[in-house]
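Subject: Structure handover

Hello,

Here is the structure I promised to pass on. Please look through it first, then read my notes below.

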Amino acid sequence: MIKEMGRLNIDDFKFLDAAVEKIFRNVEKGKSALAEKQITELGNTANYFVREELGKRLAQYKGNGEMDEICGNLLEHFIYGVRATGLFYFYHKHQSRPEIIIKTIEKTFESVPWESETICFDMWKRFPEAMKKYMPAWAESPNEKKRAISMHGMENIAGRHPQYILTFVSNLLDDESEEVQKKISHLLTQVGRQRPQQCYNNVRRWLMDADEKRIRTIWQTMKKLANIFTQKSKRDKSADFINITQRTVHDWRGDSNPNVASMGAKLAGIINSKK
């Protein structure tokens with residue numbers, strides 16, 4: 001039997017390959033119910049890697065059988081691992097059609113959250129233009145989990161498209177959801193590390209007329225960036241980051257806006273205390 005936990009070895013791959021061959025034969029013979037039963041038995045596992053490898057292998061089916069219908073049914077199954085297998089099938093099958101992957105994730109972001117987030121992260125790496133097209137509508141959803149996942153993995157474009165992220169985040173700054181706020185803080189930290197000047201310019205503008213809630217959100221991000229500034233390791237910070245952060249904190253302390261000046265004073269307290 002295939003292992004229940006951990007990465008797969010050569011014997012596990014051979015086992016999966018043989019099982020998938022049987023599934024393909026049943027699909028070709030029109031035995032869809034039997035094929036779905038076999039997939040369900042394999043996908044009913046706690047092992048993430050089994051689910052992904054099974055979905056990837058099923059996506060290689062080239063026949064005329066009802067594989068799409070079978071795997072579509074998996075997305076609605078009551079077993080988590082089976083739903084995840086169905087998601088991986090559509091993900092690997094439609095690598096050249098990112099819009100189909102996005103529409104599939106739209107069905108699974110709540111029912112298969114871990115794998116949906118993993119795929120979103122990869123999509124921002126491989127298909128950023130498609131994600132930039134569809135995610136703004138997700139950010140307007142009444143569903144807080146959908147708003148949150150709209151930003152998952154967006155840090156992959158922080159270096160190339162920082163202003164897209166900053167504009168996107170600005171529309172969610174006052175969101176009531178804690179999950180959304182955590183995503184915002186994470187994204188702003190990544191943009192701040194890679195494009196500090198653009199990040200700080202936007203943050204200052206947001207602070208100008210901010211209420212207490214927005215100030216707390218911004219503080220969580222700026223506190224992280226100040227702590228990165230003080231770290232001995234240079235792995236997470238460039239010379240630009242160090243110089244721009246230091247200058248920004250100095251300038252903010254003397255800013256005429258009380259919100260900006262207060263933030264500058266608090267940040268200076270972190271930076272100066274670690275010297």
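**Helix 6 and helix 8**

Helix 6 passes helix 8 in a right-handed crossing. A crossing is right-handed if the near helix is turned clockwise from the far one by less than a right angle, and left-handed if anticlockwise. Helices here are DSSP runs (H or I, at least four residues), numbered from the N terminus.

This is a predicted model: local features need pLDDT of at least 70, side-chain atom pairs count only at pLDDT 80 or more, and totals for chains, interfaces and linings use all residues. Residues are numbered from 1 along each chain as its sequence is written, and side-chain values use heavy atoms, with hydrogens and water left out.

Back to the pair. Helix 6 covers residues 98-108 and helix 8 covers residues 128-139. Their axes come within 10 Å and cross at roughly 25°. That makes helix 6 roughly parallel to helix 8. Angles under 35 degrees count as roughly parallel, over 145 as roughly antiparallel, 65 to 115 as roughly perpendicular and the rest as oblique. The axes are lines fitted to C-alpha atoms, for helices over the stretch in contact, and angles run from 0 to 180 degrees between N-to-C directions.

Which residues make the contact of helix 6 with helix 8? Helix 6 brings Pro98, Glu99, Ile102, Lys103, Ile105 and Glu106. Helix 8 brings Ala130, Met131, Tyr134, Met135 and Trp138. Contact means heavy atoms within 4.5 Å. By class, this contact has eight nonpolar, no polar and three charged residues. Ala, Val, Leu, Ile, Met, Phe, Trp, Tyr, Cys and Pro count as nonpolar, Asp, Glu, Lys and Arg as charged, and the others, Gly among them, as polar.

Trp138 deserves a look of its own. Trp138 is in helix 8. Is it buried or exposed, this Trp138? Trp138 counts as buried, at 3% relative accessibility. The cut-offs are under 20% relative accessible area for buried, over 50% for exposed, and partly exposed in between (1.4 Å probe, protein chains only). Leaving aside neighbours within four places in sequence, Trp138 touches Ile102, Ile105, Glu106, Lys146, Arg147, Ile149 and Ser150. Lys62 is 76 residues from Trp138 along the chain, and their C-alpha atoms are separated by 33 Å.

**Helix 10 and helix 12**

Helix 10 (residues 162-170) and helix 12 (residues 196-208) have axes that come within 10 Å and cross at roughly 20°. That makes helix 10 roughly parallel to helix 12. Their crossing is right-handed. From helix 10, Pro162, Gln163, Leu166, Val169 and Ser170 take part in the contact. From helix 12, the partners are Gln198, Cys199, Asn202 and Trp206. The residues of this contact divide into five nonpolar, four polar and no charged.

Helix 2 and helix 3 have axes 9 Å apart and pack at an angle of about 150°. Helix 2 and helix 3 are therefore roughly antiparallel to each other. Ile39, Leu42 and Gly43 of helix 2 meet Val50, Arg51, Leu54 and Leu58 of helix 3. By class, that contact has five nonpolar, one polar and one charged residues.

Ala46 sits in the loop between helix 2 and helix 3. Ala46 is exposed, with a relative accessible area of 54%. Arg253 is 207 residues from Ala46 in sequence and 52 Å away in space, C-alpha to C-alpha.

Lys37 is found in helix 2. Lys37 counts as partly exposed, at 49% relative accessibility. Lys37 and Ile23 are 14 residues apart along the chain, with 9.3 Å between their C-alpha atoms.

Helix 4 spans residues 67-74, and its Met67, Ile70, Cys71 and Leu74 are buried. They cover an arc of only 90° around the axis, which puts them on the same side of helix 4. The arc is that of the directions from the helix axis to the C-beta atoms. These buried residues pack against helix 1 (10-28), helix 2 (32-43), helix 3 (48-58) and helix 5 (80-93).

**Lys213**

Lys213 lies in helix 13 (residues 212-230). Lys213 is partly exposed, with a relative accessible area of 24%. Which residues is Lys213 in contact with, leaving aside its neighbours within four places in sequence? They are Asp174, Asp175, Glu176 and Gln181. Lys213 and Met135 are 78 residues apart in sequence and 25 Å apart in space, C-alpha to C-alpha.

Best wishes

Conventions
Helix = DSSP H or I, 4+ residues; strand = E, 2+ residues; numbered from the N terminus.
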